[in-house]
Amino acid sequence: MNTDLECLGDQIAELSAHLDAATARLLDLIREFDSRGGWGNGFSSCAAWLTWRVGLDPGAARERVRVARALGRLPRLAQALARGELSYSKLRALTRVATPETEERLLAVGRAGTAEHVERIVRGWRRVDRIAEARETTKRHRGRALHVFQDEDGMVVIQGRLEPEAGAVLIKALEAGHDALYQRRRAADVPAGTCADGSVRTGLIISDDPPTRAQQQADALALLAETALHHGVDPGAPGERYQVVVHVDAPVMADPDASGQSVLEDGAHVSAETSRRLACDASRVVMRQDADGRVTEVGARTRTIPPSLRRALQHRDSGCRFPGCGLPFGQGHHIRHWANGGPTTLSNLAMLCRRHHRSVHEEGYQVERQADGELCFREPNGRVLPRIPPPAAVSDAPVELFRAHHDTKGLHINARTSMPGWLGERLDVGWAVDVLHPLAASSR
């Protein structure tokens with residue numbers, strides 16, 4: 001009986017190693033599929049596609065993608081998994097901290113200890129990383145400085161060091177100031193504020209020559225300072241300030257192929273389908289014009305989907321209805337657009353997140369409500385996109401299939417392939433991390 005149980009235990013250990021070796025191949029496929037954008041057919045990420053196609057929990061799917069990406073730069077760990085020497089549980093923990101420089105020593109940890117040992121050492125390793133990161137952050141914070149002084153010729157000199165997040169804000173602000181001063185004027189046929197030779201007159205610096213990039217940055221900084229001092233400027237109500245206004249002719253709204261305008265307020269053209277998407281769930285003002293283009297009547301602003309109907313839609317759909325998505329928030333989509341006579345009723349509405357609302361309007365995906373009330377989504381080629389894809393075919397003898405596949409690759413796995421080198425001694429996590437971690441070793 002004991003011999004039978006020992007044989008059964010060996011079969012468990014061998015099959016587990018085969019599964020880990022097969023997982024290595026699976027992760028290789030996931031990494032290639034992710035890098036080539038195979039999930040881009042309506043899904044927001046490779047993890048979202050895995051959740052839909054394979055049935056993984058979203059958290060487990062994100063972890064598979066993370067590990068797959070990490071193994072692309074950790075060949076030793078990847079090979080150990082492919083040979084069945086490391087379990088996926090160990091590898092998942094090691095890839096949280098491993099780098100090409102520390103991969104070899106962490107591989108030794110994985111081979112020597114159990115999954116619990118690896119988890120404990122990785123937690124200690126990350127603690128050292130956080131301490132080092134906190135020290136570096138404190139050092140950067142103390143090193144922040146800004147010096148502003150006037151040079152002998154009267155020019156103001158600015159020298160400084162900013163923390164990364166403050167520097168990022170300043171860079172974005174300078175980009176905005178630069179765009180406000182230069183790009184908008186260049187877009188016009190006869191730019192306002194230009195000199196006779198075509199150079200830009202900013203009002204801050206007047207030069208006969210076109211300004212250099214450094215001079216443009218200086219002008220942008222001056223504009224930011226002036227803008228900040230304009231406390232009396234009324235920014236308007238928040239609800240009005242952040243609205244995007246699109247002007248669309250009625251024929252274009254009803255038929256994307258019809259002639260007519262579809263432009264943003266600043267004159268930038270947008271596609272007719274983009275206008276139809278924005279109009280699905282937005283405020284609407286109807287204006288009538290005469291033959292000369294003069295406005296003769298302006299209607300009251302209304303919502304295409306009233307608040308009460310939106311609450312009912314949110315309660316019924318509870319998030320995006322696109323297969324494999326399920327984000328808990330989204331926009332109301334008219335299955336048959338209101339411009340084509342579609343009613344604004346619950347049966348003609350579906351909740352879609354921003355990405356999938358765009359997929360349906362601009363990327364060729366189709367949605368229709370069937371007679372039983374269920375939604376049917378189709379890919380641009382007309383193929384039905386099932387809510388739950390059919391399961392893949394599985395062999396009746398998976399163990400023999402794994403063994404034959406690995407034998408052809410010269411990979412001979414047995415019950416002791418993934419056995420750790422641990423002899424039962426107590427694990428001293430502090431000592432292990434102190435010896436293994438480069439920062440701990442260097443400080444010692």
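Six residues of helix H2 are buried: Cys 46, Ala 47, Ala 48, Trp 49, Leu 50 and Trp 52. Buried means under 20% relative accessible area, exposed over 50%, and partly exposed in between (1.4 Å probe, protein chains only). Contact means heavy atoms within 4.5 Å. After H2 comes Gly 55, with a positive phi near 85 degrees.

This is a predicted model: local features need pLDDT of at least 70, side-chain atom pairs count only at pLDDT 80 or more, and totals for chains, interfaces and linings use all residues. Residues are numbered from 1 along each chain as its sequence is written, and side-chain values use heavy atoms, with hydrogens and water left out.

**Strands**

Strand E13 also pairs with E12, antiparallel, over two bridges. Two strands pair if DSSP finds at least two bridges between them. Phe 377 has Leu 385 in E13 as its bridge partner. Five residues lie between E12 and E13 in their hairpin, and Gly 382 in the turn has a positive phi of about 95 degrees. E12 (residues 375-378) is also joined to E11 (residues 366-369) by four bridges, again antiparallel. Arg 369 stands opposite Leu 375 in E12.

**Helices H4 and H6**

Helix H4 (residues 75-82) packs on helix H6 (residues 103-112) at about 25 degrees, with axes 9 Å apart. Axes are lines fitted to C-alpha atoms, for helices over the stretch in contact, and angles run from 0 to 180 degrees between N-to-C directions. The contact uses Pro 75, Arg 76, Leu 77 and Ala 80 of H4, and Glu 103, Glu 104, Leu 107 and Arg 111 of H6.

**Salt bridges**

The structure holds 13 salt bridges. Each is a side-chain nitrogen of Lys or Arg within 4 Å of a carboxyl oxygen of Asp or Glu. Three of them are listed here.

| Pair | N to O distance |
|---|---|
| Arg 76 and Glu 103 | 3.7 Å |
| Glu 175 and Lys 172 | 4.0 Å |
| Asp 317 and Arg 321 | 3.2 Å |

Arg 76 is partly exposed at 38% relative accessible area, while Glu 103 is buried at 2%. Glu 175 and Lys 172 are three residues apart in helix H8 (residues 164-187), so about one helical turn separates them. Lys 172 is exposed, at 57%. Asp 317 is buried at 8%, and Arg 321 is partly exposed at 27%. Shared partners also join Arg 83, Glu 85 and Arg 111 into one salt-bridge network.
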